[in-house]
Amino acid sequence: MTASAAIAASPARDTGRLRRMSLALFLGGFSTFSLLYCVQPLLPTFARTFGLSPAQSAMALSLSTATLAIAILLAGGAAQRLNLKTLMFGSMVLAAACNLASALAPTWPLLLLARAAEGLLLGGVPAVAMTYLAEETEASDLAAAMGLYVAGTAFGGMAGRVGMGLLLATFDWRMAMAAIGAIDLVAAFAFFALLPKPRHVRAPAPEHLSDRLKTWGQAWRRPGLLALFGLGFCLTGVFVALFNYVEFRLEGAPYHLSQTQVGLIFLVYAFGVWSSSTAGRLAQRYGRRRLLLVGLAVILAGIALTLPTSLVAIIAGIALVTTGFFIAHAVASGWVGRLAGPAKSQSAALYLLFYYAGSSLAGAAGGWFWRHGAWPAVAGFTAVLVLAGVALALRIPREDPS
């Protein structure tokens, strides 16, 4: 009997266990995303310090998300044979140590090497967290629990960006990066203390590459999953491209904002924390596809609002993009678990492979649009990605094939 079936068969739900699980995975999302995105406010600083173009400085983020995408496939396989709690904890600790190494790197190539290693290590958290939730929670609790995990990623992204901006008001960028790494070391140990030991009895992992490829092939053929994978690519591509280059826009004329002021704008992530934590309940009430399309429409409206030169309009647009992104991502990531059938681990890994590939590729491509057409070109590029996401969302079956 699986953990979900055991819980469902019990006379009362173990709400204490569910609460601890949700809080621990909130911390896991916080740690992962604060480490991953803490360099985003530093892109203009990297460009000045190391003599780089905006697109070159964006490699500090794009390289991390690229290695993360690769590592997620490896982690998906490791999740079949290793203890999920230990795998996530080890990944969080080692990734925080890599962030400390990035702060000490004397040259740009060494900093990129440390960031690549950090992304590789962080692969042990996102796919495994989705698998853990899918296996250890009741079907009725999965959407809400996944929403809270995504809320943790939103809070982590906000803490990494806003915290970095605030730290830069007092310290140089190296001290600020080291502080983020130290905070996330503490978060990793709190995560380990809170997260319940998995109750799901795991099946033996495939012993041969051909077997693993077969399980991935099964995930590809599940109705609607391929559309969700492509949707993940579009969502994170929009989000990272916009946030990478809006900093260069706001630090330049006519705004001339400081790094701390730009960092404070990332407080709009609070909308992401709220929207992702409520998206699961709203999806159950109104339907997943309908809420997904609402999230994409909100993103598109936000992009349009960033086009005027008004700083108020730009901030409002960023807030809408953030809200819509986290609504759509919470729904899509939870939907993967529902459509995956027995291939939950492999499907989660493939979704996140596409998700972080979008961050790397679109984040880097946005630099070309920024160079050749400034902000209107970046906005147009991301709007096309949103429309592609709408087309993909319409291809997902209305009903779960259960």
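1. Overall composition. The protein chain comprises 17 helices and zero strands, where helices (H or I, at least four residues) and strands (E, at least two) are DSSP runs numbered from the N terminus. The model is predicted: local features need pLDDT of at least 70, side-chain atom pairs count only at pLDDT 80 or more, and totals for chains, interfaces and linings use all residues. Residues are numbered from 1 along each chain as its sequence is written, and side-chain values use heavy atoms, with hydrogens and water left out.

2. Burial and surface. Of the 402 residues in the protein chain, 59% count as buried. Buried here means under 20% relative accessible area, exposed means over 50%, and partly exposed lies in between (1.4 Å probe, protein chains only). The protein chain exposes about 15,300 Å², and carbon and sulfur atoms supply 70% of that area. Accessible areas come from the Shrake-Rupley method with a 1.4 Å probe; for residues, only the protein chains shown count as cover.

3. Contacts along the chain. Among contacts in the protein chain with a separation of 6 or more, 85% come from residues 24 or more positions apart. A contact means heavy atoms within 4.5 Å.

4. Packing of α3 and α12. These two helices pack at an angle of about 70°, with their axes 9 Å apart. Axes are lines fitted to C-alpha atoms, for helices over the stretch in contact, and angles run from 0 to 180 degrees between N-to-C directions. The value makes α3 roughly perpendicular to α12; the classes are roughly parallel under 35 degrees, roughly antiparallel over 145, roughly perpendicular from 65 to 115, and oblique for the rest. On the α3 side the contact is made by L43, P44, A47 and R48, and on the α12 side by N244, E247, F248 and E251.

5. Salt bridge between R48 and E251. The side chains of R48 and E251 meet in a salt bridge, at 3.4 Å from N to O. R48 lies in helix α3 (residues 43–50) and E251 in helix α12 (residues 225–251), so the pair ties together parts that are 203 residues apart in sequence. R48 counts as exposed because its relative accessibility is 55%, whereas E251 counts as buried at 18%. The criterion for a salt bridge is a side-chain nitrogen of Lys or Arg within 4 Å of a carboxyl oxygen of Asp or Glu. By this rule the count comes to two salt bridges.

6. Salt bridge between R115 and E118. In this pair the closest N and O atoms are 3.2 Å apart. Both residues belong to helix α7 (residues 108–122) and are three residues apart, about one turn of the helix. R115 and E118 are both buried.

7. L113 in α7. Helix α7 also contains L113, which is exposed because its relative accessible area is 57%. The C-alpha atoms of L113 and A60 are separated by 9.3 Å, the two residues being 53 residues apart along the chain.

8. L353 in α17. L353 is found in helix α17 (residues 344–393). Leaving aside residues up to four places away in sequence, L353 touches A69, I70, I72 and L73.

9. Nonpolar patch. L166, L264 and L267 make a nonpolar surface patch of about 260 Å². Patches are made of residues with over 30% relative accessible area and no salt bridge; like charges are joined within 9 Å, and nonpolar side chains (Val, Leu, Ile, Met, Phe, Trp, Tyr) within 5 Å. L166 is placed in helix α9 (residues 139–168) and counts as partly exposed because its relative accessibility is 46%.

10. Backbone points for review. Most residues other than glycine have a negative phi, and most peptide bonds are trans. A cis peptide bond, with omega about 0°, joins A253 and P254. P254 is found in the loop between α12 and α13 (259–265), and H256 lies in the loop between α12 and α13 as well. H256 is not a glycine, yet its phi is positive at about 50°; this residue counts as exposed because its relative accessibility is 57%. A374 likewise is not a glycine and has a positive phi, of about 55°. A374 is found in helix α17 and counts as partly exposed at 34% relative accessibility.
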